[in-house]
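This briefing is meant for someone meeting the structure for the first time. Please look over the sequence and the model, and then read the notes below, which are grouped by topic.

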Amino acid sequence: MLTVVELLKAEKLLCKEIHSLEFCEEHAQLAQNRAVLTKSKLLQLSPYLDQDGIIRVGGRISKAAIPEMIKHQIILPGKHKLVYLLIKYYHDQS
């Protein structure tokens, strides 16, 4: 049986892999502490890289008094197969 820590680590690795495939340019820009290009579909989400190198939603919501994981959700492409499987997994858990 996998531990919670192992599952979270695997989830982070999957997110990084999806980012490298789908948001390569955006990740490179953010890694250099630069804003994403104006042509990026992520621009309106005010993306930033977290301490693990995962692209998350930024913006004014950072001032809200709610947990960080809720404020700054991971950005994932809706039509990616792994994203579909993650959503299915969490849906089946509830």
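Leucine 37 counts as partly exposed, because its relative accessibility is 37%, a value that lies between the limits of 20% for buried and 50% for exposed. Like everything that follows, this is computed from a predicted model. The residue leucine 37 belongs to the loop that runs between α2 (24-31) and β1 (48-49).

**Around leucine 37**
- When neighbours within four places in sequence are set aside, leucine 37 makes contact with Glu25, Gln29 and Leu43.
- Leucine 37 and valine 4 are 33 residues apart along the chain, and their C-alpha atoms are separated by 36 Å.

**Other residues of the loop between α2 and β1**
- Asparagine 33 is placed in the loop between α2 and β1, and it counts as exposed because its relative accessible area is 74%, which is over the 50% limit.
- The phi angle of asparagine 33 is near 55°, which is a positive value in a residue that is not glycine.
- Serine 46 is also placed in the loop between α2 and β1, and with a relative accessibility of 38% it counts as partly exposed.
- Serine 46 has a phi near 50°, again a positive value in a residue other than glycine.
- As background to these two angles, most residues other than glycine have a negative phi.

**Overall fold and surface**
- The protein has four helices and two strands, and along the sequence these follow the pattern α-α-β-β-α-α.
- Taken along the principal axes, the box filled by the C-alpha atoms is roughly 45 × 35 × 20 Å.
- The protein has 94 residues, of which 27% count as buried.
- Of the contacts between residues at least 6 apart in sequence, 37% join residues that are at least 24 apart.

**Nonpolar core**
- The largest nonpolar core consists of six residues, namely Phe23, Leu30, Val36, Leu42, Ile55 and Ile75.
- Leucine 30, one of these core residues, is in contact with Val36, Pro47, Tyr48, Leu49 and Ile55, when its neighbours within four places in sequence are left aside.

**Cysteines**
- Cysteine 15 counts as buried, because its relative accessibility is 1%.

**Lysine 81 and helix α4**
- Lysine 81 is placed in helix α4, which covers residues 81-93, and it counts as exposed because its relative accessibility is 55%.
- Although lysine 81 and isoleucine 18 are 63 residues apart in sequence, the distance between them in space is 9.6 Å from C-alpha to C-alpha.

How values were computed. Residues are numbered from 1 along each chain as its sequence is written. This is a predicted model: local features need pLDDT of at least 70, side-chain atom pairs count only at pLDDT 80 or more; totals for chains, interfaces and linings use all residues. Side-chain values use heavy atoms; hydrogens and water are left out. Buried means under 20% relative accessible area, exposed over 50%, partly exposed in between (1.4 Å probe, protein chains only). Contact means heavy atoms within 4.5 Å. A nonpolar core is a set of buried Ala, Val, Leu, Ile, Met, Phe, Trp, Tyr and Cys residues joined through side-chain atoms within 4.5 Å.
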